[in-house]
Amino acid sequence: MSVSDLPRTEANVLKGHEGAVLAARFNGDGNYCLSRGKHCTIRLWNPHRGIHIKTYKSHGRARYPVIKFLPR
C-alpha cells in the first residue's frame, strides 16, 4: 500500500470523549473500535456507522494504561 492508496477524507468522526483521546484500537475484523480518553474512560464504537455503543469508566484510582481486544 502506498500513500496514494490512503483515504483522503474522514469516513466518520467519533464524538464523545471529553478532552484528548490517548489511544484507539480496532478489533480483528474492524467492526468495533475501543478508544481511551484522558479522563479515564474507554468507549466502544461501531466505526462504520459512527455509533457509540458503551462507555466504561474507571473507579477510584484505577487507570487503563493499555486497551486491546482479546482473540476469541
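Let's start with two strands: E1 (residues 21–26) and E2 (residues 33–37) pair in the antiparallel sense over five bridges. Strands here are DSSP runs of E with at least two residues, numbered from the N terminus, and two of them pair if DSSP finds at least two bridges between them. This is a predicted model, where local features need pLDDT of at least 70, side-chain atom pairs count only at pLDDT 80 or more, and totals for chains, interfaces and linings use all residues. Residues are numbered from 1 along each chain as its sequence is written, and side-chain values use heavy atoms, with hydrogens and water left out.

Phe26 has Cys33 of E2 as its bridge partner. Six residues lie between E1 and E2 in this hairpin, and Gly30 in the turn has a positive phi of about 80 degrees.

## The nonpolar core

Which residues make up the largest nonpolar core? Its five members are Ala23, Leu34, Ile42, Leu44 and Ile67. Such a core is a set of buried Ala, Val, Leu, Ile, Met, Phe, Trp, Tyr and Cys residues joined through side-chain atoms within 4.5 Å, where buried means under 20% relative accessible area with a 1.4 Å probe, protein chains only.

Leaving aside residues up to four places away in sequence, Ile67 touches Ala23, Ala24, Arg25, Leu34, Ser35, Arg36 and Ile42; a contact means heavy atoms within 4.5 Å.

## The whole chain

The protein has zero helices and four strands, in the order β-β-β-β from the N terminus on. Of its 72 residues, 26% are buried.

How values were computed: Buried means under 20% relative accessible area, exposed over 50%, partly exposed in between (1.4 Å probe, protein chains only).
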